[in-house]
Amino acid sequence: MRLLTGNDLPTGDVVWWTGTGWSRHVEDAVDVGTEGEGILRAEEGARRVNVPYLIDAIPTPDGPRPAHIKDRIRALGPTVRPDLTLKPADPSAGSWVI
C-alpha cells in the first residue's frame, strides 16, 4: 500500500491524500498505488500541498498504518508541547534580543 503525504501550505500541518483532497487524519488516507507520482506532481503543481511524497503503509482494520517509524510519528501529529517551548525573546531562557 502506498500513501501520499505532505504538509498543508497555510498551516504546515501533516496531511494525507484521501482520493479527492487532503485530510489531517491518516485514517482517511487511501492507497494511491501506481497513480501516486501523477497525483503528487498535480497537487504540488497546484500548490495545494508543500513537499508531497509517497510512503509505504500497511492496511489495518483502523485504517492505513505507515510502515516507517518516522511516518508513524508524523501521523500522530505534533510531538512538542507548546507550553514547554522557549520564547525567543525570553531573557530568563538565555535568549538574546538584538
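## Contacts and overall fold

Of the contacts in the protein between residues at least 6 apart in sequence, 45% join residues at least 24 apart; contact here means heavy atoms within 4.5 Å. The structure is a predicted model, in which local features need pLDDT of at least 70 and side-chain atom pairs count only at pLDDT 80 or more, whereas totals for chains, interfaces and linings use all residues. Residues are numbered from 1 along each chain as its sequence is written, and side-chain values use heavy atoms, with hydrogens and water left out.

The protein contains two helices and five strands, arranged along the sequence in the pattern β-β-β-α-β-β-α. These elements are DSSP runs numbered from the N terminus, helices being H or I with at least four residues and strands E with at least two.

## Confidence

The mean pLDDT of the protein is 85, and 79% of the residues score at least 70; pLDDT is the predictor's confidence in each residue, from 0 to 100. Confidence is highest in strand 1 (residues 2-8), with a mean of 95, and lowest in helix 2 (residues 69-76), with a mean of 87.

## Burial and nonpolar cores

The protein has 98 residues, of which 29% count as buried. Buried denotes under 20% relative accessible area, exposed over 50%, and partly exposed in between (1.4 Å probe, protein chains only).

The largest nonpolar core consists of seven residues: Leu3, Val14, Trp16, Val26, Ala29, Ile55 and Ala57. Strand 2 (14-17) and strand 4 (49-60) each supply at least two residues of this core. A nonpolar core is a set of buried Ala, Val, Leu, Ile, Met, Phe, Trp, Tyr and Cys residues joined through side-chain atoms within 4.5 Å. A second, separate core has five residues, among them Leu4, Val32, Leu40 and Leu54. Leaving aside residues up to four places away in sequence, Val26 touches Leu3, Trp16, Pro64, Pro66 and Ala75.

## Helix 1

In helix 1 (residues 36-45), the buried residues are Gly36, Leu40 and Glu43. They lie on the same side of helix 1 because they cover an arc of only 75° around the axis, the arc being that of the directions from the helix axis to the C-beta atoms. Their cover includes strand 1, strand 2, strand 3 (22-23) and strand 4.

The face of helix 1 turned away from the buried side carries the exposed residues Arg41 and Gly45. Helix 1 is followed by Arg47, which has a positive phi, near 60°.
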